[in-house]
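Biologist: I would like to go through this model residue by residue. Please give the cut-offs as we go.

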Amino acid sequence: MTATGTPTLLGVAAEAALAVPGVAGLQPRLAHCLAAAAAPTWTDTAAHRMPPEAGIRADRAPDGSGWRIEVRCVLAEGHRALDTARNVHDRVRTAVTSHLATHDVAKPVTVVTVAVTVTRIAARPATA
């Protein structure tokens, strides 16, 4: 797959979202959770972790003019959800647009639309 393929865009978007202060993680979509549950049991004792890209969905626009990115965030307690979601939106859009421009995909202007969904707010761990 090329450098501008969906897996690479997922990684770029996930990295940008996770760099935002207040983002505790990315929530995998239901399809990823079901696939992980149906997978054979791991023989090692290490916990199997879902890649951060599982919380990102990237689709080409129907007319081929750009990309639609969906980010599912888990926020850390103590951060304003609206401000954090806006920051995620802006950083993901900038990172994906920059990635596309770097790889000569944005010959005309490629439109990148980002939707951010806050799935939950993670409580801070209790201190002893």
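Modeller: The side chain of Thr 84 reaches the backbone oxygen of Arg 80 at 2.9 Å. A polar contact is a pair of N or O atoms within 3.5 Å; within protein, one must be able to donate a hydrogen and the other to accept it, and residues adjacent in sequence count only if both atoms are side-chain atoms. This is a predicted model, where local features need pLDDT of at least 70, side-chain atom pairs count only at pLDDT 80 or more, and totals for chains, interfaces and linings use all residues. Residues are numbered from 1 along each chain as its sequence is written, and side-chain values use heavy atoms, with hydrogens and water left out.

Biologist: Is Thr 84 buried or exposed?

Modeller: Buried means under 20% relative accessible area, exposed over 50%, and partly exposed in between (1.4 Å probe, protein chains only). Thr 84 has a relative accessible area of 5%, so Thr 84 is buried.

Biologist: Which residues is Thr 84 in contact with, leaving aside its neighbours within four places in sequence?

Modeller: Contact means heavy atoms within 4.5 Å. With those neighbours left aside, the residues in contact with Thr 84 are Val 20, Pro 21, Gly 22, Val 23, Leu 75 and His 79.

Biologist: What is the relative accessible area of Arg 72?

Modeller: Arg 72 lies in strand β3, residues 66-76 (strands are DSSP runs of E, at least two residues, numbered from the N terminus). Arg 72 is partly exposed, because its relative accessible area is 21%.

Biologist: What pLDDT does the protein chain average?

Modeller: pLDDT is the predictor's confidence in each residue, from 0 to 100. Over residues 30-34 pLDDT stays under 50, while 69% of the residues score at least 70. The protein chain averages 79.

How values were computed
Helices (H or I, at least four residues) and strands (E, at least two) are DSSP runs, numbered from the N terminus.
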